[in-house]
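Here are some friendly notes to read beside the model. Please keep the sequence and the 3D view open as you go through the points.

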Amino acid sequence: MVSENKDMLIKVPAVTLGFWVIKILATTLGETGGDAVSMSMELGYLVGTAIFMTLFVAAVFCQIKAKSFNASLYWLTIIASTTVGTTLADFATRSLGIGYLGGTALLTLLLAAALFIWYKDLGRVDAGSISTPKAEFYYWVTIMFSQTLGTALGDWTADTAGLGYLGAAAIFSTLLLVVVALYYVSSVSKAVLFWCAFVLTRPLGAVVGDFLDKPIAQGGLELSQYSATVALATAILVLVVVLPQRAATQSH
């Protein structure tokens, strides 16, 4: 009975193929949605960050206060983290002038620090251990850093490294396949592989999002940021409804 009660407190989804499909769509939406507010609406990166950070904090508060797993609330919080990650990374790398490489280095350190502090405090960082408010807090802080890092890394790869959006997408897709292979054939910690995959899906979504809405002269398709965002949001909504969604299982 105690174990069953603890299972009910886990409000993050089980990691399945459907989870990763929705995650990639959400990160792509984060790029187009963040750009729509900061660029198309001309509100700027700082105002965009303030808006999305407010939404993210509110969503995390609701997620932590929730009594059971709610797929819609979880993915809404993920989307909020991807949009704030987009505008925050753009503010740091462009408005503050530290550049893509500087932003990537800084955010890598912040992400590593978040995971280290979480592990030192609670001893585990896997989804099956997120059954307390403190663990959830660490989880969402780590996710925010990973989403922000992914934006900076994606921009650095596509622009500074000169690989372009499709070239960068191919690189991150290949790295994700390597993580999948390691999951099945190696003894590398599943928690480590999960966070590697979680981080890599963000730059993949970022460069795909840029490919959709950036000008043709820059290698994009020049689609409307608004229409791309609506289309991605609709696809996510359909998948959340159609695909089986269940909470992760308590691990020991």
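1. A word on the source. This is a predicted model, in which local features need pLDDT of at least 70 and side-chain atom pairs count only at pLDDT 80 or more, while totals for chains, interfaces and linings use all residues. Residues are numbered from 1 along each chain as its sequence is written, and side-chain values use heavy atoms, with hydrogens and water left out.

2. Now the overall fold. The chain has nine helices and zero strands, and its elements run α-α-α-α-α-α-α-α-α from the N terminus. Helices (H or I, at least four residues) and strands (E, at least two) are DSSP runs, numbered from the N terminus.

3. How does the radius of gyration of the chain agree with that of a compact globule? For 252 residues such a globule would have a value near 18 Å, and the chain has 17 Å, which agrees. The radius is taken over C-alpha atoms, and the globule rule is 2.2 Å times the number of residues to the power 0.38. Along its principal axes, the C-alpha trace spans about 60 × 35 × 35 Å.

4. Next come packing and surface. Of the 252 residues, 48% count as buried. A contact means heavy atoms within 4.5 Å; among contacts between residues at least 6 apart in sequence, 78% join residues at least 24 apart. The chain exposes about 11,700 Å², and carbon and sulfur atoms supply 73% of this area. Accessible areas come from the Shrake-Rupley method with a 1.4 Å probe, and for residues only the protein chains shown count as cover.

5. On to charges. Side chains of opposite charge can pair when their charged atoms come close. A salt bridge is a side-chain nitrogen of Lys or Arg within 4 Å of a carboxyl oxygen of Asp or Glu. The whole structure holds nine salt bridges.

6. Please look at Asp35 and Lys214, whose closest N and O atoms are 3.2 Å apart in a salt bridge. Asp35 lies in helix 2 (residues 17–40) and Lys214 in the loop between helix 8 (190–213) and helix 9 (225–242), so the pair ties together parts that are 179 residues apart in sequence. Asp35 is buried, at 1% relative accessible area, and Lys214 is buried too, at 12%. Lys214 also forms a salt bridge with Asp213, at 3.4 Å between the closest N and O atoms. A network of salt bridges links Asp35, Asp210, Asp213 and Lys214.

7. Compare this with the salt bridge of Asp121 and Lys134, at 3.4 Å from N to O. Asp121 lies in helix 5 (residues 99–122) and Lys134 in helix 6 (residues 133–160), so this pair ties together parts 13 residues apart in sequence. Asp121 is partly exposed, with 36% relative accessible area, and Lys134 is partly exposed with 45%.

8. Lys23 is found in helix 2. Leaving out residues up to four places away in sequence, Lys23 touches Trp75, Ile78, Gln147, Phe198, Thr201 and Arg202.

9. Finally, some loop residues. Gly220 lies in the loop between helix 8 and helix 9 and counts as buried at 7% relative accessibility. Among the residues that Gly220 touches, not counting those up to four places away in sequence, are Asp210 and Lys214. Glu222 is found in the loop between helix 8 and helix 9 and has a positive phi of about 60° although it is not a glycine. Glu42, in the loop between helix 2 and helix 3 (44–65), has a positive phi near 60° and counts as exposed at 69% relative accessibility.

Notes. Buried means under 20% relative accessible area, exposed over 50%, partly exposed in between (1.4 Å probe, protein chains only).
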